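Student: Could we go through this structure together? I would like to learn where the labels come from.
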Amino acid sequence: MARRFRGESHHKVDAKGRVSIPASFRRVLEASDPDWTQGLTPNVVIYYGDHRRKYLECYTVEAFEEVEQMIADLPRGSKSRNMLSKLYSGHSQTTQIDDTGRLVLSQKLRDRIGISSEAFFLATGDTFQIWEPSAYQEDQASTEDWLEEYPEDFDPLILLEQGEGDSRAAAKPARPPEDLPTDGGA
């Protein structure tokens, strides 16, 4: 199983767009870059997506290659393949972490999500996100609002058992079954 990103952190961004990447994130990038060897710095693929995206999604080389392969497996000439190719290949860039563990965010990327002097890093398993801190706070508020729909002792992991990750179930929010114990499932 591939290594996963975990955790969150705030980092200063200098005038040239350089920002330190959490050390644990760098270890995952190294382990998932087929070209990395001791003494070299790892690569990262930054996906900035369309105009609705409020953060940068950072992929390991291996994870992004998996996405590209899934796109390539779609029927040649299909609208889905063409659109996803444009979105992912056209709205991403591969860059290298420098010798001091920093990533350089171009002015285009900083402008895209409104980063000036600080960045917020959030692990999301096989990727990590870079946010402008106040935009992340707004997004976090929507997560808290979503959680308010459930009982106080609700365990979000129950959604995994209900197929919430399945695209067929994504159309409507999953609700815990009525017969679940309300004592946290113990």
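Student: Let's start with a side chain. What makes Arg27 partly exposed?

Tutor: Arg27 has a relative accessible area of 34%. Buried means under 20% relative accessible area, exposed means over 50%, and partly exposed lies in between, with a 1.4 Å probe and protein chains only. Arg27, at 34%, is therefore partly exposed. Before we go on, please note that this is a predicted model: local features need pLDDT of at least 70, side-chain atom pairs count only at pLDDT 80 or more, and totals for chains, interfaces and linings use all residues. Residues are numbered from 1 along each chain as its sequence is written, and side-chain values use heavy atoms, with hydrogens and water left out.

Student: Why is Glu30 called buried?

Tutor: Its relative accessible area is 14%, so Glu30 counts as buried.

Student: How do you know that Glu30 and Arg27 form a salt bridge?

Tutor: A salt bridge is a side-chain nitrogen of Lys or Arg within 4 Å of a carboxyl oxygen of Asp or Glu. For Glu30 and Arg27 the N to O distance is 3.0 Å, so the pair meets the rule. Both residues lie in helix 1, 3 residues apart, about one turn of the helix.

Student: What other salt bridges could you show me, and how many are there?

Tutor: The count comes to 6 by this rule. One of them joins Asp14 to Arg18, with the closest N and O atoms 2.6 Å apart. Asp14 is partly exposed at 24%, and Arg18 is partly exposed at 26%. Another joins Asp50 to Arg52, also with 2.6 Å between the closest N and O atoms. Arg52 has a relative accessible area of 61%, so Arg52 is exposed.

Student: Let's turn to the fold. How many helices and strands does the protein have?

Tutor: There are 6 helices and 8 strands. Here helices (H or I, at least four residues) and strands (E, at least two) are DSSP runs, numbered from the N terminus.

Student: What makes strand 3 and strand 5 a pair?

Tutor: Two strands pair if DSSP finds at least two bridges between them. Strand 3 (residues 43-47) and strand 5 have 5 bridges, so they pair, and the sense is antiparallel.

Student: Which strands make up the open sheet, and in what order?

Tutor: The sheet has 6 strands in the order 1-7-8-4-3-5, with antiparallel pairing.

Student: Why are strand 1 and strand 5 called edge strands?

Tutor: Strand 1 (8-12) and strand 5 (92-96) each pair on one side only.

Student: What makes a group of residues a nonpolar core?

Tutor: A nonpolar core is a set of buried Ala, Val, Leu, Ile, Met, Phe, Trp, Tyr and Cys residues joined through side-chain atoms within 4.5 Å. The largest one here has 23 residues, and Leu103, Leu105, Phe128 and Ile130 have the most contacts inside it. Apart from it lies another core of 8 residues, including Tyr47 and Phe64.

Student: Which residues does Leu103 touch?

Tutor: Contact means heavy atoms within 4.5 Å. Leaving aside neighbours within four places in sequence, the residues in contact with Leu103 include Val19, Val44, Ile46 and Ile130.

Student: How much of the protein is buried?

Tutor: Buried residues make up 38% of the 186 residues.
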